[in-house]
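Good morning, and thank you for making time for this item.

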Amino acid sequence: MKSKREIERTLKENKGADFVLPMTWDVMFEQMFISEEAMPLLECIISIFGNVDIKDVKGKVRLLPNELKQTSAKDTRSKSDIIADYFKDEKNIDKYIVEMNSSQTMPWRNVFYAYKVAGGGISINDDKYVKAYDTILIDFNTFADNENDLIEMITMRYKTGKIFDDSTKIFEINMAKAKDMSYNYADMQEEQVAIICRMFMTTSLLELDKESNKIMSKNDTEKLVSRAKELSSDDGYIRLFNEEENYKELIRNTELAEAHEKGKLEGKLEGRLEGIELGSKETKTEMAKKLKEAGVKISIIAEASGLSMEEIENLK
């Protein structure tokens, strides 16, 4: 483990003393949450989405192995970013799955995973199906989404809108809204979720400290920030992060270049089509004029040329 002085020097040499690897990067996200220092943040997340006082969550959360057994080759990637048990009381447990998603296909995979986890809690008691626990999936989505609000909650419902089963809840978080100054938060839950989103997205230690202090104690914040600094000074993580960022930048530049070329080609094609259409109309007009001079009925000329009877009558 690096000393505090070594950590500061590494940060300064690479990205600057204020730099922190964003938790939207999956490696950083997972490494943060498997550490004890991030447990208070996970407890905050459970408190907010479970609508439970943080005092009733503290010390009652346990991280679980994040892989499920694959029963066939058809199984998709049976792994989540974070999965944890929340012991509400002696008899009731909730399972929380927390995911960081960079593409629109990932939430679909996560829903499959969530229902697979939920299915593991079904048992038979007195010839009836009984669920041993509730399952809550929280998808933090970094991809662009202009349609949805900050928080969208999904459950199984009848066509009428009546809830069929709410033992499995899915929360889709549109992280872009957390930095949208024009977005109006619907309630306190959205305000708190926005703080967590900004904590995940920031590359500034000062901002991480500032946002963390809004929902966590000073002591918990110091531990979280210290862990983030330690991970952000790891040479291997820095190199891997830079490589991925360079790769993403290459993809973005390629997509922009392709879009530019596509626009140029579409412009040329549109011009050619307009020319063809104009030439085609001139040909039809010449044909209609000759037919009119030959004494062919205007209604027949209109049908043959596609011109209106008024256009044909005005031909000279």
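Helix H2 (residues 26-33) packs against helix H7 (residues 218-232) at an angle of about 135°, and their axes are 11 Å apart. Axes here are lines fitted to C-alpha atoms, for helices over the stretch in contact, with angles from 0 to 180 degrees between N-to-C directions. That angle makes H2 oblique to H7; angles under 35 degrees count as roughly parallel, over 145 as roughly antiparallel, 65 to 115 as roughly perpendicular, and the rest as oblique. The crossing of H2 past H7 is right-handed, a term used if the near helix is turned clockwise from the far one by less than a right angle, with left-handed for anticlockwise. On the H2 side the contact (heavy atoms within 4.5 Å) is made by Met28, Gln31 and Met32, and on the H7 side by Leu224, Arg227, Ala228, Leu231 and Ser232. These residues divide into 5 nonpolar, 2 polar and 1 charged. In this classification Ala, Val, Leu, Ile, Met, Phe, Trp, Tyr, Cys and Pro are nonpolar, Asp, Glu, Lys and Arg are charged, and the others, Gly among them, are polar.

A word on provenance. This is a predicted model, in which local features need pLDDT of at least 70 and side-chain atom pairs count only at pLDDT 80 or more, while totals for chains, interfaces and linings use all residues. Residues are numbered from 1 along each chain as its sequence is written, and side-chain values use heavy atoms, with hydrogens and water left out.

Overall, the protein has 10 helices and 8 strands, taken as DSSP runs numbered from the N terminus (helices H or I, at least four residues; strands E, at least two). Of its 316 residues, 36% are buried, where buried means under 20% relative accessible area, exposed over 50%, and partly exposed in between (1.4 Å probe, protein chains only).

How do H3 and H5 pack? Their angle is about 150° and their axes are 10 Å apart; the two helices are therefore roughly antiparallel to each other. H3 passes H5 in a left-handed crossing. Leu41, Ile45, Ile48 and Phe49 of H3 meet Gln189, Gln192, Val193, Ile196, Met199 and Phe200 of H5. By class, this contact has 8 nonpolar, 2 polar and no charged residues.

I turn to the cores. A nonpolar core is a set of buried Ala, Val, Leu, Ile, Met, Phe, Trp, Tyr and Cys residues joined through side-chain atoms within 4.5 Å. The largest has 52 residues, of which Phe33, Leu41, Phe49, Ile138, Phe140, Ile173 and Phe200 touch the most other members. Helix H3 (residues 39-49) gives the most to this core, with 8 residues. A second, separate core of 8 residues includes Ala114, Val117, Tyr133 and Leu137.

Finally, two residues. Leaving out residues up to four places away in sequence, Asp165 touches Lys131, Thr155 and Met156. Thr155 and Asp165 are 10 residues apart in sequence and 6.8 Å apart in space, C-alpha to C-alpha.

Ser204 sits in the loop between helix H5 (188-201) and helix H6 (205-215). Ser204 counts as buried, at 15% relative accessibility. Not counting residues up to four places away in sequence, Ser204 touches Asp18 and Val20.
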